[in-house]
Structures are given as C-alpha cells and as structure tokens.
Amino acid sequence: MNPIFKRQSVRKYLNDEVTSEQIENLLKAGMQAPSACNQQAWEFIVIENPDDKISISKMHKFAKPAGEASKLIVVLGNLKKAKIESMIEQDLGACCENILLQATYEGLGAVWLGFHPIRDRCDRIVEYLNIPDYCIPFAVICVGHPAGDGDVKIRFDESKIHYGKY
Ligand SMILES: Cc1cc2nc3c(=O)[nH]c(=O)nc-3n(C[C@H](O)[C@H](O)[C@H](O)COP(=O)(O)O)c2cc1C
C-alpha cells in the first residue's frame with residue numbers, strides 16, 4: 001500500500017537497532033523534498049548516544065519518544081544557505097514528511113517532535129547540541145522499529161473541499 005495511507009506516528013519501539021543504511025535512506029528521502037527556489041537549506045544531526053536521547057526526551061512534555069527510539073534525526077534549517085528565508089519552514093515541513101514516509105516504506109516507525117518555533121524548546125536543544133545561531137532547530141524525528149501495529153484512520157473529508165470558490 002502507498003506509505004501515505006500507512007503512515008502514523010509511532011511512539012513505542014522495540015530494542016532493535018535502526019541501521020546507518022536505513023538512516024541514510026531516510027536522509028536521502030528528506031533531501032529529495034521540494035524547497036522554495038530549490039534552496040535545500042536543510043541540515044541534519046543524527047543522534048544515537050543513549051544519554052543524548054534521554055536528554056532530548058526531557059526537553060519538553062511531548063518529547064518522551066526520543067528516549068526509546070533507536071536513533072533521532074534533528075532537522076535544521078541553515079539560514080545562511082537560504083535564498084528565501086521566509087519559506088524555509090515550509091521546506092523543512094516537506095523534508096520531515098518525506099522522512100516519515102520513507103520510514104513507513106522501510107517498515108520503521110517514526111514520530112515528528114515539534115521544536116521550532118517554540119522558544120524554550122529551541123533554546124534547550126540549541127544549547128545541548130551546540131547548534132549555531134544561524135540554524136533553526138526545526139524538529140526531531142524519532143526512528144525505531146515499531147512495538148506494535150496501530151490502526152490508521154482514513155481522514156478524507158469531503159466537507160473540507162471547495163470547488164471553484166470558497
Ligand atoms: C509540527 C508537528 C509537531 C508535532 N509534535 C509532536 C510532539 O512533540 N510529540 C509527539 O508525540 N507528536 C508530535 N507530533 C505528531 C502529531 O501528534 C501527530 O502527527 C498527530 O497526532 C496525527 O497523528 P498521526 O501522525 O498518527 O497521523 C507532531 C506533528 C507535527 C506535524
């Protein structure tokens with residue numbers, strides 16, 4: 001089945017390791033995303049150290065899955081590389097979604113943890129990972145082997161569609 005309709009946030013993982021090759025595939029998918037002016041101003045930090053994962057899991061109330069995941073991908077936006085800075089969030093959103101879809105395609109489980117633009121979350125991760133001030137800490141993607149199967153609900157809702165005019 002098309003991974004778009006299989007993807008769901010996975011927050012519980014088995015102990016099995018996600019390989020470097022799998023992470024590279026996720027990063028390839030992320031970097032394949034569309035971006036304004038094809039600016040591709042994304043960068044990534046891959047985290048596998050257990051202490052670092054635990055520290056990140058404590059950075060905000062909804063970050064717990066980071067402590068259990070096999071690996072984390074921190075998605076950054078490098079403002080020095082941006083041609084249209086005001087569009088960088090949209091680029092990074094597309095990049096994150098591509099990573100999630102690739103994870104689904106590979107049989108992995110992943111969840112997007114929001115950081116940007118919430119100030120205190122950003123301050124914590126910037127300081128901890130030594131992220132330079134010209135990089136936006138956009139999101140953390142937790143990746144692991146899913147601990148179970150969840151049900152994916154189809155969300156198609158005809159009432160949200162307007163034809164011609166609102
Ligand atoms: C911008 C953004 C921020 C999110 N932040 C978190 C988060 O901090 N922690 C978390 O567990 N899930 C987070 N999620 C996942 C959403 O909760 C999830 O996508 C939503 O509930 C729909 O569920 P689904 O992904 O299974 O379809 C985030 C998703 C997005 C797009």
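Visitor: Which residues are around the ligand, and what makes them count as near?

Guide: Q8, S9, R11, F62, A63, P65, V111, W112, L113 and G114 are around the ligand. A residue is near a molecule if its C-beta atom, placed from the backbone, lies within 6 Å of it. This is a predicted model: local features need pLDDT of at least 70, side-chain atom pairs need 80 or more, and totals for chains, interfaces and linings use all residues. Residues are numbered from 1 along each chain as its sequence is written.

Visitor: How does the shell around the ligand divide by residue type?

Guide: Six are nonpolar, three polar and one charged. Here Ala, Val, Leu, Ile, Met, Phe, Trp, Tyr, Cys and Pro count as nonpolar, Asp, Glu, Lys and Arg as charged, and the others, Gly among them, as polar. Strand 3 (residues 109-114) gives the largest share of the shell, four residues. Strands (E, at least two residues) and helices (H or I, at least four) are DSSP runs, numbered from the N terminus.

Visitor: Why is I73 called buried?

Guide: A residue is buried if 20 or more other C-beta atoms lie within 10 Å of its own, exposed if 12 or fewer, and partly exposed in between; C-beta atoms are placed from the backbone. I73 has 24, so I73 is buried. I73 sits in strand 2 (residues 71-78).

Visitor: What does I73 touch?

Guide: Leaving out residues up to four places away in sequence, I73 touches L26, F44, V46, I99, I141 and V143. Contact means C-beta atoms, placed from the backbone, within 7 Å.

Visitor: Why is C37 called exposed?

Guide: C37 has 11 C-beta neighbours inside 10 Å, so C37 counts as exposed. Q40 has 18, so Q40 is partly exposed. C37 lies in the loop between helix 1 (20-31) and strand 1 (42-47). Q40 is also found in the loop between helix 1 and strand 1.

Visitor: What kind of peptide bond joins H116 and P117?

Guide: Most peptide bonds are trans. The bond between H116 and P117 is cis, with omega about 5°.

Note on methods: Two residues are in contact if their C-beta atoms, placed from the backbone, lie within 7 Å.
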